[in-house]
Amino acid sequence: MRIASNTISDNIVRQIQNLGSQSARLQSQVASGQRITNPEDDPAAVSRVINLESERRSLAQFQRNADRALQVSQASYSGLQQIKKLSDRATEIGTLGTGTVSSEARTAYASEVDQLIEQAVQLGNTKFRNDYIFSGTAVDTAPFAATRDASGQVTGVTYAGNTEQSSVALSESSTVSPGTSAATNTGLGDFINHLVALRDSLRAGDTSAVQSAQSNLLNSEDLIVNSLSEHGAVQMRIEVNQTQQKDRVTNLEKLVSSEADGDLPSTIVKLNQNQVAYQAALQSASNIMKLSLLDYLK
């Protein structure tokens with residue numbers, strides 16, 4: 001059977017093109033270090049890599065969430081610590097005020113408590129990244145609105161935030177509430193009003209009222225201490241979660257690498273073999289193409 005010369009040349013060209021394509025693919029793998037450069041290189045592996053990359057993007061989001069949650073909790077904790085210091089001094093003054101003191105001393109204590117009130121209002125309206133940290137989810141609203149008398153002194157505060165508490169996803173199945181609870185937020189308002197009561201009772205020289213105010217302040221302090229303890233636990237949980245997510249990311253990177261990275265020594269050997277075959281094919285094609293029509297007729 002005689003084979004048409006154009007069929008022979010087409011086959012040769014096709015083989016050379018295949019070898020050229022293989023060389024280009026192997027050269028790309030050597031240059032990039034990646035075994036997979038196109039989906040058709042290994043469709044099953046590409047599918048697995050896509051899934052792994054999707055999971056890694058989710059973990060990256062969880063890590064950003066955890067970073068943000070930790071910052072919010074630390075800001076809340078810091079604010080509560082400062083308020084706790086005010087409470088410590090206020091209860092100390094309350095103890096002093098229930099003893100036998102001169103009217104001048106009571107007036108001086110009242111003036112000091114008045115400054116504590118101003119500081120407490122300021123701390124209660126603390127912002128973090130332009131969000132009020134003690135107003136629940138109403139982060140654009142100053143949580144404590146102070147009422148003042150004609151002389152400008154605070155006579156009371158009202159809580160203007162809400163009772164919601166935001167939560168942040170730390171993983172596919174867990175969330176955390178990094179901010180303060182509604183009980184803490186409203187309790188801070190009570191604390192400030194107890195300070196006002198202490199100041200006013202000191203000025204009035206009403207020992208019984210001073211004792212009552214001090215007792216209420218101690219109750220508020222218990223609330224603040226409990227909230228500080230909760231924030232400590234929340235921060236520990238977030239930090240443990242951050243460590244777990246980092247480990248998961250490291251494991252995912254190893255899996256992606258095992259699927260996509262090329263075996264460089266083996267790829268180089270294949271590339272050399274392919275280039276030898278390519279050169280041989282070119283030489284062979286050159287020889288065949290030199291055959292004349294008479295050579296085919298012999």
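**Exercise 1. Determine where His 231 is placed and whether it is buried or exposed.**

Solution. His 231 is located in helix 5, residues 207–260. Helices here are DSSP runs of H or I with at least four residues, strands are runs of E with at least two, and both are numbered from the N terminus. The model is predicted: local features need pLDDT of at least 70, side-chain atom pairs count only at pLDDT 80 or more, and totals for chains, interfaces and linings use all residues. Residues are numbered from 1 along each chain as its sequence is written, and side-chain values use heavy atoms, with hydrogens and water left out.

The relative accessibility of His 231 is 3%, and the residue therefore counts as buried (buried means under 20% relative accessible area, exposed over 50%, partly exposed in between, with a 1.4 Å probe and protein chains only). Leaving aside residues up to four places away in sequence, His 231 touches Ser 73, Ser 76, Tyr 77, Leu 80, Pro 178, Gly 179 and Thr 180; contact means heavy atoms within 4.5 Å.

**Exercise 2. Describe how helix 2 packs against helix 5 and against helix 4.**

Solution. Begin with helix 5. The angle between helix 2 and helix 5 is about 160 degrees, and their axes are 7 Å apart. Axes are lines fitted to C-alpha atoms, for helices over the stretch in contact, and angles run from 0 to 180 degrees between N-to-C directions. The two helices are therefore roughly antiparallel to each other (over 145 degrees; under 35 counts as roughly parallel, 65 to 115 as roughly perpendicular and the rest as oblique). Their crossing is left-handed, that is, the near helix is turned anticlockwise from the far one by less than a right angle, clockwise being right-handed. The contact of helix 2 with helix 5 comprises 24 nonpolar, 18 polar and 13 charged residues (Ala, Val, Leu, Ile, Met, Phe, Trp, Tyr, Cys and Pro count as nonpolar, Asp, Glu, Lys and Arg as charged, and the others, Gly among them, as polar).

Next, consider helix 4. Helix 2 (residues 43–97) and helix 4 (residues 182–204) pack at about 30 degrees, with axes 11 Å apart. Helix 2 is therefore roughly parallel to helix 4. Helix 2 passes helix 4 in a left-handed crossing. Among the residues that meet are Leu 80, Ile 83 and Leu 86 in helix 2, and Leu 188, Phe 191 and Leu 195 in helix 4. The residues of this contact divide into ten nonpolar, four polar and no charged.

**Exercise 3. State where Arg 129 and Asn 130 lie, and give the phi of Arg 129 and of Asn 130.**

Solution. Arg 129 lies in the loop between strand 1 (127–128) and strand 2 (131–132). Asn 130 is likewise in the loop between strand 1 and strand 2. Arg 129 has a positive phi of about 55 degrees although it is not a glycine; for Asn 130, also not a glycine, the positive phi is about 70 degrees. Arg 129 is exposed, at 54% relative accessible area, and Asn 130 is exposed at 55%.
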